[in-house]
Amino acid sequence: MSTDGQTVDAQKQALQTAGASRVYSETASGAKTDRKELARALKALTVGDTLIVTRLDRLARSTRDLLNILDLVARAQAGFRSLGDQWADTTTPHGRLMLTILGGLAEFERELIRARTSDGRQRAAARGVHMGRPPKLTRHQREEALEALSLGHVSQADLARRFNVDQATISRMVRRGAVLAG
């Protein structure tokens, strides 16, 4: 349930009428991912059980969330049924088909997002935008450190202490400097 004026009584009655032997009620919003009663219900599922909900929006607020929950139900070798959404019923061939299509559409959407993100990264890189964490050392510090090392005046550990960075930072810089120089 989600609003103050709602009670779970009508929902419990509908679930019991549909054959539910145990009813888990949650007052937390379906938009929350950490719902204790949902976790308990999913953990209690055994082979051949059916998780029944009154409506899909009582269970999940996004397609991804729904598919993740349905994956947990399937792993328990249990079925799923929504009383208010007749097409969402893994206990029937038609319901399995609809949920498979829904899963395919969600996967397609993820691929589109991944492709757009990749394109955006490539365009940003072409504009010279730096990706990732900022460098620990400035360009001047890197040049100074590489010069000091090439002259043999200091060790990598000394440079790490001087610039207050880990020795691995200096080691990586030396490897990259050698690659850039050679």
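A residue counts as buried when its relative accessible area is under 20%, and as exposed when that area is over 50%. With that cut-off, buried residues make up 27% of the 182 residues in this protein chain. Keep in mind that what you see is a predicted model.

First, the overall layout. The chain has eight helices and two strands. Starting at the N terminus, the order of elements is α-α-β-α-α-β-α-α-α-α. Taking contacts between residues at least 6 apart in sequence, 52% join residues at least 24 apart. The chain exposes about 12600 Å², and carbon and sulfur atoms supply 52% of that area.

Next, the surface charge. Which residues form the positive surface patch? They are Arg133, Lys136, Arg172, Arg175 and Arg176. One of them, Lys136, sits in the loop between α5, residues 93-126, and α6, residues 139-151. Lys136 has a relative accessible area of 55%, so it counts as exposed.

Now the backbone. Gln77 is not a glycine, yet its phi is positive, near 60°. Gln77 lies in the loop that runs between α4, residues 63-75, and β2, residues 79-82. Is Gln77 buried or exposed? Its relative accessibility is 54%, so Gln77 is exposed by the over 50% cut-off.

Asn164 also has a positive phi without being a glycine, and the value is about 55°. Its place is the loop between α7, residues 156-163, and α8, residues 167-181. Asn164 is exposed too, because its relative accessible area of 70% is over 50%.

Conventions:
Residues numbered from 1 in each chain as written. Predicted model: local features only at pLDDT ≥ 70, side-chain atom pairs only at ≥ 80, totals over all residues. Heavy atoms only, no water. Patch = residues over 30% accessible without salt bridge, like charges linked within 9 Å, V, L, I, M, F, W, Y side chains within 5 Å. Areas by Shrake-Rupley, 256 points an atom, 1.4 Å probe, with all protein chains shown as cover. Salt bridge = Lys/Arg side-chain N within 4 Å of Asp/Glu carboxyl O. Lys, Arg positive; Asp, Glu negative; His and termini not counted. Charge placed at Lys NZ, Arg CZ, Asp CG, Glu CD. Helix = DSSP H or I, 4+ residues; strand = E, 2+ residues; numbered from the N terminus. Buried < 20%, exposed > 50% of the residue type's maximum accessible area, 1.4 Å probe, protein only. Contact = heavy atoms within 4.5 Å.
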